[in-house]
Amino acid sequence: MAFQSDNFPATTLNNSLSHHIEIFRAKNLKSGAAIQSAENSIPSGTSRGVLVHIPHPLVFRGGHGCYLTSLDGDEYVDFVSEYTAGMFGHSHPAIIKAIQTVTQQGFTLGGVISKEGELAQLLISRFPSIDAIRFCNSGTEANMFALGVAVAFTGRKKILVFKNGYHGGTLTFGANTALNLPHEFIVANYNDIPDTRSKLTSDIAAILVEPMQAAGGMIPADIPFLQFLRDEATRLQAVLIFDEVVTSRLCYGGLQERYGVVPDMTTLGKHFGGGFSFGAFGGKKEIMRLFRPGEEQSLFHTGTWNNNVFSMTAGVVAANLMSREALERANDLGDYLRDGLRRIFEQRWCAWLDVVVSGIGSTVGVKFLGEKGDMIRDLYYFYQLEGGVYMAHRGSFAVNLVHQREHVDLVLEVTRKFCRSLSYM
C-alpha cells in the first residue's frame with residue numbers, strides 16, 4: 001500500500017495519539033512518579049536509552065512466566081522478552097533451582113569454577129566457527145574484544161561494518177556514533193554487494209556483520225551477501241566476525257549453521273546467561289591461541305565478572321533449555337505471528353497505511369513507513385499496551401520459550417483493533 005501524504009489525516013492522528021498518551025499517563029501514575037524521581041540522578045530516568053519514550057517508560061515490579069506486572073499493578077504479556085535475551089520467561093524453575101545452589105555455596109569466589117569449562121564445551125559444540133571461547137559480561141564487550149583480537153591477529157586497523165548495524169553501545173552505526181570506539185571504521189550498505197565490494201581494501205582487519213540486523217529492524221541478511229563476505233574475507237585474509245548475540249536464538253548453531261556460511265569468529269550474549277549478564281567470543285584455534293600465555297603477542301584478557309558463578313551456572317541450564325526442538329517451537333510461533341501480522345496489515349484499511357513486517361523465526365519486526373511512520377508506530381505501541389501486550393517501542397516482538405499460541409493471538413487481535421481504528425480516520 002503506497003503512502004499518500006495528501007490524504008493523510010495528520011491532525012486526527014495527532015489527536016488520537018495525544019488521547020492514548022493521556023490514557024497511558026493516567027493509568028501509570030506510579031511509573032511516572034518513579035521515573036520523575038529517578039531523573040534527579042539519572043538523565044531520562046533510566047540508563048537504558050532504548051526504553052525511553054513519551055511520556056515515560058513503564059516501571060515494573062515483577063514478572064512470572066511470560067507476564068510482567070507494572071508498578072501500578074497492571075499485567076502484560078511480555079513480548080519484549082528483554083530485547084531477545086529473555087528466552088525463558090521470568091523466573092524459570094530450572095534456572096531458579098540452579099541459582100539456589102549458588103546462593104547456598106557462595107558466589108564471589110574470585111577463582112576458577114567448573115561451570116566455566118562446562119558452559120564453554122556446550123557452546124563450542126553448537127557453533128561451527130568456535131573452536132575455543134572466552135567469556136565476558138555482555139554482547140557489547142564480546143564485540144569489542146573480537147575486534148581487538150582481529151586487529152592483533154592481522155596487524156591491520158580498518159574494520160568494515162554496515163549501516164544501521166548495532167553491536168552494542170560502543171559499536172552502533174545508526175544516526176549517532178559519538179560513543180563509538182575509535183577504530184578506523186568503513187561503513188557499507190547492508191545486503192549491498194556492489195557497495196560493499198567498492199569499500200573492500202587489502203588493509204582491512206575484520207568484517208563485522210549481523211546475519212540479521214536486529215536493532216536495525218529485524219532485517220535478514222541475504223545468503224549470497226554473507227557468502228560474498230566469507231569469500232572476500234578469505235581472499236583478503238581478514239577476520240570475518242558474525243555477531244550472533246541475537247541470532248543465536250534462531251537456530252541451535254546460529255544462523256551460520258542454518259545458512260552454511262561459517263565465519264572466523266562469533267560473538268554471543270543475551271540468552272546464554274540465563275537471565276544474568278553474559279557475553280562470549282570465540283573462533284578458530286589459530287586466532288584464539290593468542291590468549292595462551294607465552295605465545296608471541298599473547299593477549300591478556302580478564303574481568304572480575306567474566307566467569308561469575310551466577311552467569312556460568314545459569315548459562316549451563318540455559319544452553320540445555322535451548323534445545324533444537326525448543327528453538328524450533330519458538331520459531332514456529334514467531335512465524336505464525338509474523339504471517340498473521342502481514343495478513344492483517346495487507347488488508348486495505350486505509351490508503352496511507354504502509355507497513356513492513358520482517359524478521360526470522362522467533363524475532364518479529366514491524367516498521368511503519370511514510371512521513372508519519374514514527375507517529376503511527378507510537379500509536380500502535382500504546383494500543384498494544386492497552387490490550388495487555390508489552391512490545392518493544394521501537395517496533396519489535398520477541399517470542400520466548402514459554403509463550404503459547406493464545407499469547408500471539410492476543411497480539412493479532414489488538415492489531416486488528418488498531419487497524420480498524422485507523423480506517424475510521
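These legends walk through a few close-up views of a predicted model. Local features need pLDDT of at least 70 and side-chain atom pairs count only at pLDDT 80 or more, while totals for chains, interfaces and linings use all residues. Residues are numbered from 1 along each chain as its sequence is written, and side-chain values use heavy atoms, with hydrogens and water left out.

**View 1. A seven-stranded open sheet with mixed pairing.**
Read across, the strands come in the order S4-S12-S11-S10-S7-S5-S6. Strands here are DSSP runs of E, at least two residues, and helices are runs of H or I, at least four residues, numbered from the N terminus; two strands pair if DSSP finds at least two bridges between them. At the edges sit S4 (132-136) and S6 (184-188), each pairing on one side only. From one strand to the next, the twist averages 20°, with axes fitted to C-alpha atoms (for helices over the stretch in contact) and angles running from 0 to 180 degrees between N-to-C directions.

**View 2. Strands S5 and S7, with a helix packed on the sheet.**
S5 (residues 158-162) and S7 (residues 204-209) run parallel, joined by three bridges. Look for isoleucine 159, which stands opposite alanine 206 in S7. Helix H7 (residues 223-236) packs on this sheet and touches S5, S7 and strand S10 (239-243); contact means heavy atoms within 4.5 Å. The direction of H7 makes about 165° with that of S7.

**View 3. The largest nonpolar core.**
A nonpolar core is a set of buried Ala, Val, Leu, Ile, Met, Phe, Trp, Tyr and Cys residues joined through side-chain atoms within 4.5 Å; buried means under 20% relative accessible area (1.4 Å probe, protein chains only). Domain 1 (10-90 + 325-423) and domain 2 (93-322) both contribute residues, so the core lies between them; the bounds come from an automatic or database domain assignment. Apart from it lies another core of 28 residues, among them Phe162 and Tyr259.

Rings of Phe, Tyr and Trp (its six-membered ring) pair if their centres lie within 6.5 Å; planes under 30 degrees apart are stacked, over 60 edge-to-face and the rest tilted. Tyrosine 381 and phenylalanine 382 are edge-to-face, at 5.4 Å centre to centre and 65° between the planes. Tyrosine 381 is buried at 3% relative accessibility, and phenylalanine 382 is buried at 2%.

Notes
Buried means under 20% relative accessible area, exposed over 50%, partly exposed in between (1.4 Å probe, protein chains only).
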